[in-house]
Amino acid sequence: MSDKPVIVVSRKVPPAVAARLSRDYRPRFNDEDRLLPSEELLARAKGADGLLICHTERMTAALIGRLPGTIRVIASYSVGVDHVDLAAAKARGLIVTNTPEVLNDATAELTMLLMLGAARRASEGERLIRADEWSSWSLSFMVGAEVTGKRLGIVGMGGVGRVTARRAMGFDMEVHYHNRNRLDAALEAGAIYHESIEEMLPHAQFLALHCPATPETEGLLNAERIALLPDGAIVVNAARGAVVDDEALIAALKSGKLAAAGLDVFNNEPDIDPAYRELENVFLLPHVGTATRETRDAMGFRALDNLDAVFAGREPRDRVA
Ligand code: DGY
């Protein structure tokens with residue numbers, strides 16, 4: 001019998017990633033791509049050595065506590081790891097890895113789409129045409145905000161935040177940022193640092209959220225902070241829904257305090273707050289920030305590099321627990 005490690009693969013992966021898995025491991029694939037209930041995941045994990053999961057698998061402390069003792073590693077096919085109870089994994093001696101960097105371009109590109117789509121009323125225009133309700137044109141028809149030359153505030157200047165800053169500079173935007181630590185000048189690349197979010201917000205005609213979801217960032221964009229934004233600001237979120245207080249954001253979009261929002265991530269996906277669907281001034285996408293062929297391959301390879309390291313007895317590059 002082969003001594004290749006057994007890996008439970010929670011979701012369907014791209015063909016090139018599946019081929020590498022089949023070459024180097026004994027993968028237990030989920031070709032139907034169903035979201036596996038915890039009990040089924042546990043059943044598949046019996047006798048396995050590792051898990052390759054996505055952000056859709058919520059690895060709670062209770063679930064981690066019930067994993068078979070043979071599991072050594074949880075490799076997440078994502079940069080975000082808010083779906084894994086890292087403390088519980090650590091306590092059980094499990095290694096957890098993620099896939100940073102390789103998704104920066106795709107997510108920053110999506111952030112630009114959110115800004116442009118929200119500012120230029122893209123969903124509204126599309127809905128009008130699809131409903132066959134476009135009947136005339138005038139100088140006041142579908143007028144939105146211009147992105148070019150505006151001030152952008154970025155919360156979280158990690159990999160995605162920094163690429164977003166560069167892309168925004170291509171639109172002649174003045175980039176401001178808040179991060180736990182100030183970047184060195186080369187990485188800052190002309191962006192203006194603010195020690196606190198509160199100090200940055202009044203500058204942000206556009207606000208892009210790029211911080212991870214942690215207990216510290218939960219509900220970070222709340223009513224008090226929205227009030228500090230300039231009137232008519234536009235907010236985009238390609239990070240995690242948890243960093244936004246939905247009630248506060250929806251109220252600000254209704255009152256006109258915010259002109260628009262572009263959202264790719266939500267609390268409680270896919271059962272999002274239904275109020276978003278009723279608002280004309282939100283540009284909504286279903287968590288597709290990393291959904292390009294190139295990036296999904298690169299994420300899979302990065303996750304496999306991490307698994308390879310673990311099973312070769314080396315420290316994986318992207319260890320988060
Ligand atoms: C990530 O990598 O965290 C993306 O949100 C996809 O899960």
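The legends below describe close-up views of a predicted model.

**View 1**

**View 1. Helix α2 and its buried residues.**
Helix α2 spans residues 38–45, and its buried residues are Leu-41, Leu-42 and Ala-45. Seen down the axis of α2, these buried residues fall within an arc of 100 degrees, so they line one face of the helix. The elements that cover them include the strands β1 (6–9), β2 (26–28) and β3 (50–53), together with helix α3 (61–66). After α2 comes Gly-47, which has a positive phi near 75 degrees.

**View 2. The loop that leads from β2 to α2.**
Asp-33 is found in the loop between β2 and α2, and its phi is positive, about 60 degrees, although the residue is not a glycine. Most residues other than glycine have a negative phi. With a relative accessible area of 32%, Asp-33 is partly exposed.

**View 3. Helix α6 and the residues on either side of it.**
Helix α6 comprises residues 122–130, of which Ser-123, Glu-124 and Gly-125 are buried, and the cover over its buried residues includes strand β12 (282–284). Within this helix, Ser-123 has a relative accessible area of 14%, and the residue is therefore classed as buried, the cut-off being under 20%. Leaving aside neighbours within four places in sequence, Ser-123 is in contact with Val-282, Phe-283 and Leu-284. Arg-121 is found in the loop between α5 (104–119) and α6, where its phi, near 60 degrees, is positive in a residue other than glycine. This arginine, Arg-121, is partly exposed, with a relative accessible area of 27%. Following α6 is Asp-132, whose phi is also positive, near 55 degrees.

**View 4. Val-243 in the loop between β10 and α11.**
Val-243 has its place in the loop that runs between β10 (233–237) and α11 (246–255), and with a relative accessible area of 0% the residue is buried. Not counting residues up to four places away in sequence, Val-243 touches Leu-209, Cys-211, Pro-212, Ala-213, Thr-217, Gly-219, Leu-220, Leu-221 and Asn-237. Pro-215 is 28 residues from Val-243 along the chain, and the C-alpha atoms of these two residues are separated by 9.4 Å.

**View 5. Asp-245 in the loop between β10 and α11.**
Asp-245 also lies in the loop between β10 and α11, and at 30% relative accessibility this residue counts as partly exposed. A polar atom of the side chain of Asp-245 is 3.1 Å from the backbone nitrogen of Glu-247. When neighbours within four places in sequence are left aside, the residues in contact with Asp-245 are Gly-219, Leu-221 and Asn-222; Gly-219 and Leu-221 are also among the residues that Val-243 touches. Phe-266 is 21 residues from Asp-245 in sequence, and the two lie 10.0 Å apart in space, C-alpha to C-alpha.

Pro-270 lies in the loop between β11 (258–263) and α12 (275–278). The peptide bond that joins Glu-269 to Pro-270 is cis, with omega near 0 degrees. Most peptide bonds are trans.

Note on methods:
Residues are numbered from 1 along each chain as its sequence is written. This is a predicted model: local features need pLDDT of at least 70, side-chain atom pairs count only at pLDDT 80 or more; totals for chains, interfaces and linings use all residues. Side-chain values use heavy atoms; hydrogens and water are left out. Buried means under 20% relative accessible area, exposed over 50%, partly exposed in between (1.4 Å probe, protein chains only). Helices (H or I, at least four residues) and strands (E, at least two) are DSSP runs, numbered from the N terminus. The arc is that of the directions from the helix axis to the C-beta atoms. Contact means heavy atoms within 4.5 Å. A polar contact is a pair of N or O atoms within 3.5 Å; within protein, one must be able to donate a hydrogen and the other to accept it, and residues adjacent in sequence count only if both atoms are side-chain atoms.
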